[in-house]
Amino acid sequence: MDTTLEEFIELLQDIKEDVDFENCTTLIDDHVLDSFDILSIISTLNDEFDISIPAAEIVPENFNSAVALLDMVTRLLDEE
Amino acid sequence: MRNVLEWLETAAQACPDKLAVADESSRLTFAALEAEARAIGSALAGRVHAQDAVAIYAEKTADVLAAMLGTVYAGGFYSVIDTRQPKVRVEAILAALSPAAVLTDAVHADAAAEMLEGTGYEALPIEDLAASAVNAAALDAVRAAAIDTDPLYCNFTSGSTGTPKGVLVSHRSVIDFIPVFCSTFGIGADDVIANQAPFDFDVSVKDIYSMLCARASMHIIPREYFSTPTKLMDFLCDREATTLIWAVSAMCFVSIMNGFGYRVPTSIRKVMFSGEVMPPKQLRIWQKWLPDATYVNLYGPTEITCNCTYHVLDRAYANDEVIPMGKPFANERVILLGEDDALVTEPGEVGEICVSGTALGLGYLGDAERTAAAFTQNPTNKRWSEPIYRTGDLGKLDEQGNFVYVSRKDHQIKHMGHRIELGDIEAAATGVDGVERTCCLYDAKRKRLRLFYVGSLGKAELAEQLHVLLPSFMVPNAIKQIDAMPLTKNGKIDRNALASL
């Protein structure tokens, strides 16, 4: 996949502008993102990368930071 | 019947040991729920008088439900406060409500103390109230004096001027609607209702009172399960849920998050949804995995007690089709009023959706002006008093006589299940120092709130302030600083020009 972390963060910023996706590693643990935000992120990632994130992947470890989210997307694309 | 507690009392007589309500860790039978509500009611009876408000600051649990019913035993009406709101919002709600008591539970005791600091209120622990002795004489006296048009609950929604609006609903309206709701969809004693809606949302009124009226069981799904689909699906399967009365956005969680790919709750027989227009694409995922369930589209604002129309789906809908709102429930009248308040009867012609009947709420708490504007005389009836509620929603009739939702008349939107007045967000932003003019738009397709403002304050500072002033679902997804508001030739803010920025 040729999406850089910067581009990926931009994508996330478009969903929720005032979240520090660059540095925050506790997006879920500290309730920075609520379930509505998570839903928006999943919809956007599904559309943007043409993937279908399985329910079992929707866990805090994968959503706590931009890096973790990008890792998950990369892994799902590799598995295809 | 003139009090909703009669449902609880007859159920506690008829099936005392049957499960009434369960949450993640605790469960109450009908007898236990009645006993706990009576204990709480007895403890409150000296403090709360007839028609007084009681605020409950807690997340939904079985004990919180007992506290709501305990409030009713004491003769008061309850208002559950969303715990995710900022302090200024909670203060505004308390000011409007002026409750005789504020209740909380052990989990929220610290947060409640912080929220109440400086308000003069002190939260009473529900656990302590529940341990009180029952004062049967006091409860009987309260009941004897109560009438069915007394308020039962007050739910707060966004208001266009920046002050939350408290919608007040009476016992009578709930006693009228719930038996119709249960019989229309065959909700009975063998049903297991999986409650999704928070108790400050009127969607939960259908869960709670259907459970009491039909002697069904209700399982409260913790809010956080709606960000972890595996937990949610496990809960639905393990509790053997049969009935879902959910917000559209909650149903979309399951389908978008691939919940069915993990586990299918095959016990589900009835799926009813409301709150927003259901995207057919998401509904088809549900229909694919649970093909034998009955799906019902429900429509109606809080002001008319949950819902006024319903449509039982008879087929799958294509992406570009709109699922009808359907036909009115028994004992509710729905009409369309066009230009000059004339009755619209021609299919395809658009009018404002207006409702009359026992379902009408008591209005907005402490706000006669807004109540008078929304609850008016039916302009087509010149002969007697027939109040209607003007929903502000535009609708039309299709060829089959079904009502079909078209759009809003004003700037109220539905964002992720929440009713939001864009003016409410604008009022909050305009009130911040260094902000001169604001305009908030909603991009419905991408589900994004966009705020435009003119002023000297930086974007990040404004965002920070808005987090203090507004609940998180009302904080704009994007904020843009502009030099001047584009205006139409009439001098109004040109929303179309802003939308294309």
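B:Phe452 stands opposite B:Lys480 in strand S26(B). This is a predicted model, in which local features need pLDDT of at least 70 and side-chain atom pairs count only at pLDDT 80 or more, while totals for chains, interfaces and linings use all residues. Residues are numbered from 1 along each chain as its sequence is written, and chains are lettered from A and ligands numbered from 1 in the order in which they are written. Helices (H or I, at least four residues) and strands (E, at least two) are DSSP runs, numbered from the N terminus.

- B:Phe452 and B:Lys480 face each other across two strands. Two strands pair if DSSP finds at least two bridges between them.
- The sheet is open and has 3 strands, in the order S24-S25-S26 (chain B). Its pairing is mixed.
- Strand S24 (435–443) and strand S26 (478–481) of chain B stand at the edges. Each has a single partner strand, so one side of each is left without a neighbour in the sheet.
- From one strand to the next, the twist averages 20°. Axes are lines fitted to C-alpha atoms (for helices, over the stretch in contact), and angles run from 0 to 180 degrees between N-to-C directions.
- Helix H15 of chain B, residues 422–430, packs on this sheet. H15 touches S24 and S25 of chain B, and its direction makes about 150° with that of S24(B). Contact means C-beta atoms, placed from the backbone, within 7 Å.
- Helix H16 of chain B, residues 459–469, also packs on the sheet. H16 touches S24, S25 and S26 of chain B, and its direction makes about 135° with that of S26(B).

**The nine-stranded sheet of chain B**

- Another open sheet holds 9 strands, in the order S2-S1-S10-S9-S11-S12-S13-S14-S15 (chain B). Here too the pairing is mixed.
- Its edge strands are S2 (27–29) and S15 (327–328) of chain B. Each pairs on one side only.
- Strand S11 (residues 243–247) and strand S12 (residues 270–274) of chain B run parallel, joined by 5 bridges. B:Leu244 stands opposite B:Val271 in S12(B).
- Helix H2 of chain B (residues 30–45) lies across strand S1 (19–22) and S2 of chain B. H2 runs at about 95° to S2(B).

**A hairpin in chain B**

- Strand S22 (residues 412–415) and strand S23 (residues 418–421) of chain B run antiparallel and are joined by 4 bridges. B:Gln412 stands opposite B:Glu421 in S23(B).
- S22(B) and S23(B) form a hairpin, with 2 residues between them. In the turn, B:Met416 has a positive phi of about 50°.

**Helix pairs**

- In chain A, helix H1 (residues 5–15) packs against helix H2 (residues 35–49) at about 135°, with the axes 10 Å apart. That angle makes H1(A) oblique to H2(A). (Under 35 degrees counts as roughly parallel, over 145 as roughly antiparallel, 65 to 115 as roughly perpendicular and the rest as oblique.)
- H1(A) gives A:Leu11, A:Leu12 and A:Ile15 to this contact. H2(A) gives A:Asp37, A:Ser40, A:Ile41, A:Thr44 and A:Glu48.
- By class, the contact of H1(A) with H2(A) has 4 nonpolar, 2 polar and 2 charged residues. (Ala, Val, Leu, Ile, Met, Phe, Trp, Tyr, Cys and Pro count as nonpolar, Asp, Glu, Lys and Arg as charged, and the others, Gly among them, as polar.)
- In chain B, the axes of helix H1 (residues 5–14) and helix H9 (residues 203–214) come within 8 Å and cross at roughly 45°. H1(B) and H9(B) are therefore oblique to each other.
- The H1(B) and H9(B) contact is made by B:Trp7, B:Leu8 and B:Ala11 of H1(B) and B:Tyr209, B:Leu212 and B:Cys213 of H9(B). These divide into 6 nonpolar, no polar and no charged residues.

**Where chain A meets chain B**

- In this interface, 19 residues of chain A are in contact with 22 residues of chain B.
- H2(A) gives the largest share of chain A's side, 7 residues.
- Chain A's side has 11 nonpolar, 4 polar and 4 charged residues.

**Domains of chain B**

- The domain assignment gives domain 1 (1–169), domain 2 (327–408) and domain 3 (414–499) of chain B. Such bounds come from an automatic or database domain assignment.
- The C-alpha centres of domain 1 and domain 2 of chain B lie 31 Å apart.
- Between these two domains of chain B, 9 residues of domain 1 are in contact with 8 residues of domain 2.
- On the side of domain 1 of chain B that touches domain 2, helix H4 (87–97), strand S7 (151–157) and strand S8 (165–170) of chain B each give two or more residues. S8(B) gives the largest share of that side, 5 residues.
- By class, that side of domain 1 of chain B has 7 nonpolar, 1 polar and 1 charged residues.
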